[in-house]
Amino acid sequence: RYSVDPAFECLKGCQLCKLSPVFNNQAKQVIMPVGNRNAKMAILFEAGGWNENETGYTVVGWSYQIIEWLTKLGFNELEDYLRLNSALCHPPENREPTQGELNICYKNLDYILKSMPNLKLLVLCGSIALKQVEGNGSVLSLRSGNLGRITNQFGKAEIYTLALRHPAYLAYIENKFGSEKATLEYLHQLS
């Protein structure tokens with residue numbers, strides 16, 4: 001259903017860590033970024049789950065609700081942003097990736113984000129994505145819904161960051177959805 005940007009084809013054969021399908025019999029393929037690498041915004045999720053592992057694309061399962069919310073706000077999922085995972089391969093038993101695995105996969109994240117010449121805003125969905133970019137000292141409960149800024153990272157002088165709770169959590173509390181919805185509406189104003 002999605003096409004992969006030719007700049008990312010080299011990632012399909014990734015063997016940097018033990019999450020790779022070469023070493024991990026539960027990983028069917030590398031989970032590829034989806035969207036426009038020329039966009040001003042990228043959305044970084046945690047590691048791909050069962051659904052992403054089946055399709056090979058970022059955010060097609062439970063977390064897809066955030067894409068639906070962005071679409072309601074007028075964003076086009078294939079033109080207005082790029083979405084990707086902190087770890088490009090599905091961890092065994094659907095566990096969280098280890099810090100060592102994330103450190104190794106950071107090379108892929110760096111490559112992808114450096115390939116985005118217009119990147120201005122990086123939306124960080126969940127604590128793993130937040131820590132992958134801003135470091136282990138970042139606490140999601142303190143950063144959720146707030147803009148931050150990183151400098152001299154991913155080949156850019158400055159990138160704004162926006163931390164959100166994990167989309168599955170947001171879907172779980174949809175009837176109490178407040179600050180994150182307001183944040184998504186704010187995203188629309190930034191674009």
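Predicted model: local features only at pLDDT ≥ 70, side-chain atom pairs only at ≥ 80, totals over all residues.
View 1. Y106 counts as partly exposed, because its relative accessibility is 25% (buried is under 20% relative accessible area, exposed over 50%, partly exposed in between, with a 1.4 Å probe and protein chains only). Residues are numbered from 1 along each chain as its sequence is written, and side-chain values use heavy atoms, leaving out hydrogens and water.

**View 2. The aromatic pairs.** Rings of Phe, Tyr and Trp (its six-membered ring) pair if their centres lie within 6.5 Å; planes under 30 degrees apart are stacked, over 60 edge-to-face, and the rest tilted. That rule gives two aromatic pairs here. One is F75 with Y81, an edge-to-face pair with centres 6.4 Å apart and 65° between the planes. F75 is buried at 4% relative accessibility, and Y81 is buried at 0%. Then there are Y106 and F154: their ring centres sit 5.7 Å apart with planes at 35°, so this pair is tilted.

**View 3. Inside the largest nonpolar core.** A nonpolar core is a set of buried Ala, Val, Leu, Ile, Met, Phe, Trp, Tyr and Cys residues joined through side-chain atoms within 4.5 Å. The largest one holds 53 residues, and F154 turns up again among those with the most contacts inside it, as does L84.

**View 4. Around L84.** Contact means heavy atoms within 4.5 Å. Leaving aside residues up to four places away in sequence, L84 touches P33, A42, I43, L44, F45, T58, L109, I112 and L113.
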